[in-house]
Every structure is written in structure tokens, then in C-alpha cells.
Amino acid sequence: MSDTPVDASKRTWLIASGCVGAAGVAGVAVPLVSSFQPSELAKAAGAAVEVDISALKPGEKITVEWRGKPVWIMKRTPEMLASLKKVTPELTDPNSERNNVPTPEYAKNEWRSRKEDIFVAIGICTHLGCSPSDKFTPGPQPSLPDNWQGGFLCPCHGSTFDLAGRAFKNKPAPDNLEIPPYMYLSDTRLLIGDDKKA
């Protein structure tokens, strides 16, 4: 080692240069690392949606959007619920036992929902992705059987679903309508897209 003393001004200059360089690296690294995070739009696309159903009357249906898909929320009447038993023999998968379309365990029942009267489903036909139309009125109608109990008709290829979104046999739709994950936050508020919130 040399016994030559180090010039204090050079030492100060080296420390200052090192600090400026470190600040510059941090200034570049922070935006770069944060760019790896999902955008707000991407977060919102998969985020759960809270829905107030307090104004929903028996026999009415509302549609909300979750992950770019239409989600139906319908309050079924006692007559609508009674019709579900009548059509069971005509359905492809009345108990939602097949796993081709996601069905949470709490929706693997006759009414396919957490509570009998409130039905929540993704309003997209399982055939080719069209959106079925409401055909709640029972009885003979164009494109529907004479013993129609009420439900949904896909206008694209004629698939029919009952008031629990279960597909009828001998129609193009191979599966029941998808049930999204959802939970009740209260008697009048639903959270669509999350069923495990703490």
C-alpha cells in the first residue's frame, strides 16, 4: 500500500458521484419493477363485483358485468321454483354432476344457487357463446315446446334452459349455464367473483 494521503476533495467527489449514481439506478429500477405489476384495468377485469339486490322484485332479473361476461341475478317466484321439479326428466344434467362447466358445490342442487329464490348465472350459452333470451312465461310459444314451464331460449341455435340454467336434452347446448363464484355480504348484497372472502 502507498503511504500517499488521499485528497479529501477527491474523496468527497467520489462519495457524491456514488450517491448520484445510486439515485439514478433507483430512479430507473422503481418504474421498471412496478411495470411488472398488473394494470388497474387488468385488476378490475378480474375483480369481484358487489351488487345491491334490495330492489329486485319476485320474477325480475338484472344483469351485471363480471370479467367481461353478463351475469344474471334473478329473484324466482314460488311458481318458478315449483316448475323446476316438473322439468327434471327433460334435462341433460339436472344435478350439475358433470364438470364440463364450473359449478360451485353450493350450486349443485335443484335450484343451482345458495338460496332457493335467488339465481345467479353467467348468461352465455354453453353451445357457441350466444346470450339466451328470457322466456319466463309458461305455455306454448314459438320455438318452445307446448309444455314450456319458463326459462331461457338461445336465439342462435334454439338451446333451451330452465329457470335454474339447466340445459334441456336434444338441444345444441351440451351443458348447464355456468355458475360464477359468489357469496352474500348481507341479505341484500351479493359479491360476484369471490366466494371465500374472509
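Buried means under 20% relative accessible area, exposed over 50%, and partly exposed in between, with a 1.4 Å probe and protein chains only. This is a predicted model, where local features need pLDDT of at least 70, side-chain atom pairs count only at pLDDT 80 or more, and totals for chains, interfaces and linings use all residues. Residues are numbered from 1 along each chain as its sequence is written, and side-chain values use heavy atoms, with hydrogens and water left out.

View 1. Helices (H or I, at least four residues) and strands (E, at least two) are DSSP runs, numbered from the N terminus. Along the sequence the pattern reads α-α-β-β-β-α-β-β-β-β-β-β. Of the 198 residues, 35% are buried.

**View 2. β1, β9 and β8 form an open sheet.** Two strands pair if DSSP finds at least two bridges between them. The order in this sheet of 3 strands is β1-β9-β8, and the pairing is antiparallel. β1 (49-52) and β8 (182-186) stand at the edges with a single partner strand each, so one side of each lacks a neighbour in the sheet. Neighbouring strands here are turned by 25 degrees against each other on average, direction ignored. Axes for such angles are lines fitted to C-alpha atoms, for helices over the stretch in contact, and angles run from 0 to 180 degrees between N-to-C directions. β8 and β9 (residues 189-192) are joined by 4 bridges. Across this pairing, Y184 stands opposite L190 in β9.

**View 3. β3 pairs with β2 and with β4.** β2 (residues 61-66) and β3 run antiparallel over 6 bridges. W66 has K69 in β3 as its bridge partner. The hairpin of β2 and β3 has 2 residues between the strands, and R67 takes a positive phi near 55 degrees there. β3 also pairs with β4 (residues 118-122), antiparallel over 5 bridges. In that pairing, W72 faces A121 in β4 as its opposite residue.

**View 4. β5, β6 and β7 make another open sheet.** Its 3 strands follow the order β5-β6-β7, with antiparallel pairing. β5 and β7 are the edge strands, each with a single partner, so one side of each is left without a neighbour in the sheet. β6 and β7 share 2 bridges. L153 has T160 in β7 as its bridge partner.

**View 5. W72 and F152 form a stacked aromatic pair.** Rings of Phe, Tyr and Trp (its six-membered ring) pair if their centres lie within 6.5 Å; planes under 30 degrees apart count as stacked, over 60 as edge-to-face and the rest as tilted. The structure holds 6 such pairs. For W72 and F152, the centres are 4.5 Å apart and the planes 25 degrees apart. W72 lies in β3 (residues 69-75) and F152 in β6 (residues 151-153), so the pair ties together parts 80 residues apart in sequence. W72 is buried at 2% relative accessible area, and F152 is buried at 0%. Ring pairs link W72, F119, F136 and F152 into a cluster.

**View 6. W148 and F168 form a tilted aromatic pair.** Their centres are 5.7 Å apart, with 40 degrees between the planes. W148 sits in the loop between β5 (133-135) and β6, and F168 in the loop between β7 (160-161) and β8, so the pair ties together parts 20 residues apart in sequence. W148 is buried, with a relative accessible area of 3%. F168 is buried too, at 8%.

**View 7. Charged side chains sit over the rings of Y106 and Y184.** A charge sits over a ring if NZ of Lys or CZ of Arg is within 6 Å of the ring centre and within 35 degrees of the ring normal. The charged end of R114 is 3.6 Å from the ring centre of Y106. K115 lies over the face of Y184, 4.1 Å from the ring centre.

**View 8. L91 is a buried loop residue.** L91 is found in the loop between α3 (78-86) and β4. Its relative accessible area is 2%. L91 and F161 are 70 residues apart in sequence, yet 8.5 Å apart in space, C-alpha to C-alpha.
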